[in-house]
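Here is a short briefing on one protein model. Please keep the sequence and the structure in view while you read.

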Amino acid sequence: MIQAILFPEEAGLTKLEYDRILNAVAGYCNSALGLRFLKKMRVSADFNFIMMALMQVKEFKTLIELDESFPDENFHDLDEPLNYLGIENSALSEEQFLMMLHFLKTIRNIHLYFKKRAGTYPNLEGLLEGDD
């Protein structure tokens with residue numbers, strides 16, 4: 001879950017150069033979805049949330065350094081195609097359909113990736129189960 005608590009106050013965020021950190025992290029986002037998620041992130045004072053996030057980062061770092069390549073391609077922004085699906089008598093273009101298909105295949109591959117490694121990355125696996 002994305003924490004909405006800001007700590008320290010806005011003046012503290014400026015002093016900590018929080019915007020500079022976000023800009024540095026944004027350089028590592030490989031999709032518009034990642035950038036959108038990054039913009040929603042907030043500094044948190046919740047100890048449990050911070051510890052969980054640190055464990056997830058540690059696991060993902062280990063995954064990147066030691067394991068096979070992670071299926072992280074084809075993360076498309078699906079807002080527009082999904083909006084079309086809500087409009088009666090509308091249809092997706094071939095390009096939009098293929099974009100959704102590739103996105104769904106990537107999600108399936110991520111699930112398979114963690115299924116093959118069950119228990120190896122428990123905090124990251126929790127993200128797939130909807131645990132925060």
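What share of the contacts in the protein chain with a separation of 6 or more comes from residues 24 or more positions apart? The figure is 66%. The model is a predicted one. Its protein chain holds seven helices and zero strands.

**Overall make-up**

- Read from the N terminus, the elements of the protein chain run α-α-α-α-α-α-α.
- The protein chain has 132 residues, and 22% of them count as buried.

**Nonpolar cores**

- In soluble globular proteins, nonpolar side chains tend to be buried together.
- Here the largest nonpolar core has seven residues. They are Leu63, Phe70, Ile110, Tyr113, Phe114, Tyr121 and Leu124.
- Helix α6 gives the most to this core, with three residues.
- Another core lies apart from the largest one and has five residues. Tyr18, Leu22, Leu38 and Val43 are among them.
- Tyr121 belongs to the largest core. Neighbours within four places in sequence aside, Tyr121 is in contact with Glu59, Thr62, Leu63, Asp67 and Phe114.
- Two of these partners, Leu63 and Phe114, are listed in both places: as contacts of Tyr121 and as residues of the largest core.

**How α7 packs on α6**

- Two packed helices are described by the angle between their axes and the distance between the axes.
- Helix α6 spans residues 94-116, and helix α7 spans residues 122-129.
- Their axes come within 11 Å and cross at roughly 140°.
- The crossing of α6 and α7 is left-handed.
- On the α6 side, the contact is made by Ile110, His111 and Phe114. On the α7 side, Leu124, Glu125 and Leu128 make it.
- By type, the residues of this α6 and α7 contact divide into four nonpolar, one polar and one charged.
- An α-helix has 3.6 residues a turn, so residues three or four places apart point the same way.
- Ile110 and Phe114 of α6 take part in the contact with α7, and both are listed in the largest nonpolar core.

**How α7 packs on α4**

- Which angle and which axis distance describe the packing of α4 and α7? The angle is about 110°, and the axes are 7 Å apart.
- That makes α4 roughly perpendicular to α7.
- Helix α4 brings Met52, Met55, Gln56, Glu59, Phe60 and Leu63 to the contact. Helix α7 brings Pro122, Asn123, Leu124 and Leu127.
- The residues of the α4 and α7 contact divide into seven nonpolar, two polar and one charged.

**What is buried in α7**

- The buried residues of α7 are Asn123, Leu124, Glu125 and Gly126.
- They pack against α4, which covers residues 47-66, and against α6.

**Loop residues**

- Asn74 is found in the loop between α4 and α5. Its phi is near 65°, a positive value in a residue other than glycine.
- Asn74 counts as partly exposed because its relative accessibility is 29%.
- Asn89 is found in the loop between α5 and α6. Phi of Asn89 is near 65°, again a positive value in a residue other than glycine.
- Is Asn89 buried or exposed? At 76% relative accessibility, Asn89 counts as exposed.
- Thr120 has its place in the loop between α6 and α7. With a relative accessibility of 45%, Thr120 counts as partly exposed.

- Thr120 and Leu63 are 57 residues apart along the chain. Their C-alpha atoms are separated by 9.3 Å.
- Ile107 is found in helix α6. Its relative accessibility is 29%, so Ile107 counts as partly exposed.
- Ile107 and Asp72 are 35 residues apart in sequence. In space they are 8.8 Å apart, C-alpha to C-alpha.

Technical notes
Residues are numbered from 1 along each chain as its sequence is written. This is a predicted model: local features need pLDDT of at least 70, side-chain atom pairs count only at pLDDT 80 or more; totals for chains, interfaces and linings use all residues. Side-chain values use heavy atoms; hydrogens and water are left out. Axes are lines fitted to C-alpha atoms, for helices over the stretch in contact, and angles run from 0 to 180 degrees between N-to-C directions. Helices (H or I, at least four residues) and strands (E, at least two) are DSSP runs, numbered from the N terminus. A crossing is left-handed if the near helix is turned anticlockwise from the far one by less than a right angle, and right-handed if clockwise. Contact means heavy atoms within 4.5 Å. Ala, Val, Leu, Ile, Met, Phe, Trp, Tyr, Cys and Pro count as nonpolar, Asp, Glu, Lys and Arg as charged, and the others, Gly among them, as polar. A nonpolar core is a set of buried Ala, Val, Leu, Ile, Met, Phe, Trp, Tyr and Cys residues joined through side-chain atoms within 4.5 Å. Buried means under 20% relative accessible area, exposed over 50%, partly exposed in between (1.4 Å probe, protein chains only). Angles under 35 degrees count as roughly parallel, over 145 as roughly antiparallel, 65 to 115 as roughly perpendicular and the rest as oblique.
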